[in-house]
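I opened this notebook to record what I looked up in the structure shown below. The entries are kept in the order in which I made them.

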Amino acid sequence: MSASGLKSRNGMARFVPYAFILPPMIYLMVFMFWPLARQMYMSFTNTRIINPNRGRFIGLGNFERLFEDPAFYLSLKVTLVYTVLTVIIGVTLGLIAALAIDRPFKGRSVVRAILLFGWAVPGVAASLIWLWMFNERSGILNRVAELIGLGRFSWLTSTDYALGSVLAVTVWQVAPFVMLVVLAALQSVPEEVREAAKIDGADPISTFRAVTLPHIRPAVQLAALLVTVWSIRRFDVIYLLTGGGPLGSTSTLVVKLRQTAFEGHELGMASAYGAVGLVLALLVAAIHYVAEQRRMKRMSR
Amino acid sequence: MMMFDKFRRRRLLATAAITAFALTIGLGAGESHAQSGEKVTLKLANSQWLDALRGKNLWAAVAKYQETNPNVTLEQVAIPSAEFNDKLTTEMGAGQGPDLAMMQEGLFYAIADAGFLVDLSAATDGINLNKTNENGKIDGTQYGLAWQRAVYALIYNKPLLDAGKAKVPGTVDELIESAKAASAATPGVIGFTGRHQMNDFSGWFMDFQNWAYGYGVNWVDADGKLTIDTPEAAEAVAAFKKVYASGIMPIGDSMPTQRTRFKEKHAAFSIDNSGGTLNIASGGAMQSGELGSAPMPFPHPGAHQQIFVGVSSHSKHQEEAVAFVKWLMGPVGQQAMRDASGPDTLATDVPVSDAYAKTNPWAPTFAKLAETSRSTLIKGHEVETAQIMRFVMQAVEKVILTDAEPKTALAEAQAAVDKQF
C-alpha cells in the first residue's frame, strides 16, 4: 500500500469513533436536550397547554409566583422526605435481601423470584392492587388489623398514614431492583478473600465491613443514585393512590406539575416546577459525582 | 430535430400536468369531499364509547348517520374519562386531534377559548334547540351544542329502604337516619355513596356543587367577584362533613367501586347524575324497577354535568363534520340519541317514551330536576373553574379530615383565590 493510501486510511480512521457516537448524540439532542431546552424556555413564558404556540416571554414571573406559593414549599418538602425515605428504606431492604439470598440454600431461586415480583409488576398495576389492599372497608390490611384487634386505619385518607402507605408501595417496588444490582456485585466478591478473613478470625460483621462492603459499595452507590432520581420524578404510584392528598401530604413536585399543566392549563408554570425538579436531580448527580471522585482518589493512594 | 421534439414533449406534459392540477383545484373548490363522492372518515372522540352498555348504544345511535350518508365513515376515538381532558388538550394544542369531540363543559370552554372550535350555527338552521345549548354560545357564536345534560338526583335502592323501614329523606339529618336504618336492617349494606377524595378531584368538585348549590351558594356575586367564604358555603361544607363523619360512607372507595356496590345491591343511597344512574340500572344485579330517585335532601336545586359536541378547527373535514352535527340535532338524530341516552336531557325536547318511564320509574324525576339545575362551572370563570374549585375542595378536605371550622377553611380558600384571580 502506498504512503498516501495509508495516510488517507489513517485520516478516515480518526473519524470512525465520531461516526459511532453521532447517532446516539443526534438521538439525545432531538429527544432529550431539545425538549429540555424548550421546557427551560417555557418556564420563562406564560404558555398555556391548550395553545402552546401563543406563549409570551414573562421573564422570572413564574418563578416569582412559585417562590411565593406556600403549596410549592409543601410539595418540595414532601418530595425531599419521600425521596430520602425511599432511598434509605429501599436501599437498606434491598441490601439485606441481597445478602440473604447471596448464599446458596434450598429454594433460593423461588425466594428470589418472589422477592423480584414487586419490581416486575408495572407501576399502574401495582398501585391498583395496593389500592384494594388499602381499602378501608374491605381491604385485606384492615381485615387483618381488625382481626388482631387494632381496628381500622385510614391508610390513604389520613394525613398520618398516607405518605407512609405510598412509601410502602414504592419500597415494595424499589427494593427488589436494589437487591438485583447488589446481588450481581456480591457474586463478584472473591471467595478466597472472605475465606482468608474468616481464617484470620474475623466475625461475619467484620468480614462484611472489611471485605464485602468495599467491594459492593460502587453498586450500592449507583443503585442509590438511580432510586433517588426515580423517586424525584415518580408519578404513577402517588397519583393513583392519593392524587397528592390528603391535604397535600403526598403532593410531590411531579404531582403538582401535572396539576398545574393539565388542570390549570398553565404549561409555563408547570415548566417552572419541572425546572426545580431538574435542579434537584442535577444536585443529586453532582453529589454522586463528588463522592465518586473522592473514592477514586482514596483508592489510588 | 429530435431534441426539439423532446423539448416540446416535455413542455406539453408539463402543461397537461398543470392544467390537470388547476382543474382539480378548480373543480374541488366550493365542493366538499363527501359531495364530490369521495369517501370521508370523521373521527369522533368521546369517553362514553368505553361505557359498558351505554357506549355501545350511543355508538349505534350515531352510526345511523352512515345509512343516509354512505360517503361518510364514522370512526370511534375512545379515550378513558380519566385521561380525556389531558389527551384532548394536548392533541388540540398540537394542532391535531379528532374531527369532533364530545366534551365536558369545562373542557369545552377551554378549547373554545383557545379558538379550536368552529361555528356550528349552520347546524342549527330550522332546529328548535332548548336551553341546554345556551352555554354553548360564547360571545354570540355557537361553538358547541348539547350532546347530553346529566342532572343529579338522590337515588336509592327501594328493597333496602323497605327492609329498614327507612323513608326517602328530605334533609341531611334524615339522610343519615335513613341510611343507618337501611344498613342496620341488611348486613353489609353501605348507607350512602358519593365522591369524597382528592385523587378524584374533577369528579368530586362537580359532585360537591350539588351540596353548594343545594345550600344556595353563588360562587360569584352580582359584580362578578369570586365569593368563596359565604355563610351558605360554610353551611354546605358543614353538611358534607356531617355525612362524611356519620359513618354511612365507604371512606376510601373510588366512585367506580361505589357504583359497582350500588349496582350489586350493596348500597342504600347515592347522589349521582342521570348518566351514572343509567349505568347502575343497566346490566347488573339490580333491576331498574328497584331503583328509586328523588330530589336531593337540600333546600335548593342542585347541579348538572353537561357534555357538548364540538367540531375541531383542525379538522380537514369541517363541512362534513358540521353536516353530521346538523343531522344529530335533527329529529332522526335526536330520537336515536334519546333511545340511547336514558333520561339525560338532549339538545332538543325529546321526552322519554311512556314505555321507558314505566320500566325505569326513576327516570322522570331527573327530567323534572333538569328544569332548575345549574351548571357545575362558575359563571364568568368557566375556564378557571377547576383552578378555583381546587382551593374550595382543599378547604372541604381540611374540614372533613381535621377539626378545622368551615368558615376558617373557606376564608383561607378565599384568600388564595383573591391572590391568584
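What covers the buried residues of α12(A)? I found that the cover includes α4 (70-100), α10 (204-233), α11 (236-241) and α13 (267-300) of chain A.

I noted the basis of the entries. The model is predicted, and local features need pLDDT of at least 70, side-chain atom pairs count only at pLDDT 80 or more, while totals for chains, interfaces and linings use all residues. Residues are numbered from 1 along each chain as its sequence is written, and chains are lettered from A and ligands numbered from 1 in the order in which they are written.

I then looked up helix α12 of chain A, residues 253-263. Eight of its eleven residues are buried, so the helix is largely enclosed by the rest of the structure. A residue is buried if 20 or more other C-beta atoms, placed from the backbone, lie within 10 Å of its own. Among the buried residues of α12(A) I list A:Leu253, A:Val254, A:Lys256 and A:Gln259. Just after α12(A), I found A:His265 with a positive phi of about 60 degrees.

I turned to chain A as a whole. Its secondary structure comes to 13 helices and zero strands, where helices are DSSP runs of H or I with at least four residues and strands are runs of E with at least two. The radius of gyration, taken over C-alpha atoms, is 25 Å, well over the 19 Å that the globule rule (2.2 Å times the number of residues to the power 0.38) gives for 301 residues, so chain A is more spread out than a compact globule. Buried residues make up 32% of the 301 residues in chain A.

Conventions. A residue is buried if 20 or more other C-beta atoms lie within 10 Å of its own, exposed if 12 or fewer, and partly exposed in between; C-beta atoms are placed from the backbone. Two residues are in contact if their C-beta atoms, placed from the backbone, lie within 7 Å.
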